[in-house]
Amino acid sequence: MTEADPGTSPAAYDIDWETLRHRAVELMHRAYAPYSSFPVGVAGLVDDGRVVAGCNVENAAYGVGLCAECGMVSDLHATGGGRLVAVFCVGADGSALMPCGRCRQLLWENGGPSCVLMTPEGPLTMREVLPQAFGVDDLRAGGAQP
């Protein structure tokens, strides 16, 4: 699957946003955020119907902390891989939280342009959230063999 060929549209899936939000809130309560006091949880629907999730994990060496989306992507690959179809990220109040730039790139890599992200403004595709994203097609155009 390439970025130009995103595969099955998320519209073909029955996205239960409330279930994803509930799972993200559950993981947010497991976050390790003693330095920022900013717990984050995230849950994603995979193209095979699984739900994967993660929470942020801070570190006294600030730069090596892990965003919640990193944990979710690790869970995705540790449990069989696949493509993210929909993602819901929450902060401490349980409402939609916009992922940071690094995590938007992770979502693009593991869900592609048609993956739907719940944002504070409602559901948006990754193409809308991260226009002109860098990805595997750019590597191929530059001669890399991903």
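## Before we start

The model is predicted, so local features need pLDDT of at least 70 and side-chain atom pairs count only at pLDDT 80 or more, while totals for chains, interfaces and linings use all residues. Residues are numbered from 1 along each chain as its sequence is written, and side-chain values use heavy atoms, with hydrogens and water left out.

## The sheet

Let's begin with the strands. Five strands form an open sheet in the order S2-S1-S3-S4-S5, with mixed pairing. Strand S2 (51–55) and strand S5 (122–125) are at the edges with a single partner strand each, so one side of each has no neighbour in the sheet. From one strand to the next, the twist averages 20°. Helices (H or I, at least four residues) and strands (E, at least two) are DSSP runs numbered from the N terminus, and two strands pair if DSSP finds at least two bridges between them.

Strand S1 (residues 41–46) pairs with S2 in the antiparallel sense over 5 bridges, and S1 also pairs with S3 in the antiparallel sense, over 6 bridges. Gly-41 stands opposite Cys-55 in S2, and its bridge partner in S3 is Val-90.

## From S3 to S4

S3 and S4 pair in the parallel sense over 3 bridges, and Val-87 has Leu-117 in S4 as its bridge partner. The chain passes from S3 through H3 to S4 in a right-handed β-α-β crossover (with the strands pointing away from the viewer, the path from the first strand over the helix to the second runs clockwise).

In S3, 7 of its 7 residues are buried (under 20% relative accessible area, with exposed over 50% and partly exposed in between, using a 1.4 Å probe and protein chains only).

## Helix H3 and Asn-110

Which residues of H3 are buried? They are Cys-103, Leu-107, Trp-108, Asn-110 and Gly-111. The buried residues of H3 pack against helix H2 (68–78), S3, S4 and helix H4 (126–129), where contact means heavy atoms within 4.5 Å. After H3 comes Gly-112, with a positive phi near 80°.

Asn-110 sits in helix H3 (residues 101–111) and counts as buried because its relative accessibility is 7%. The side chains of Asn-110 and His-77 make a polar contact (2.7 Å); such a contact is a pair of N or O atoms within 3.5 Å, where, within protein, one must be able to donate a hydrogen and the other to accept it, and residues adjacent in sequence count only if both atoms are side-chain atoms. Not counting residues up to four places away in sequence, Asn-110 touches residues including Val-73, Leu-76 and Leu-84.

Conventions: Axes are lines fitted to C-alpha atoms, for helices over the stretch in contact, and angles run from 0 to 180 degrees between N-to-C directions.
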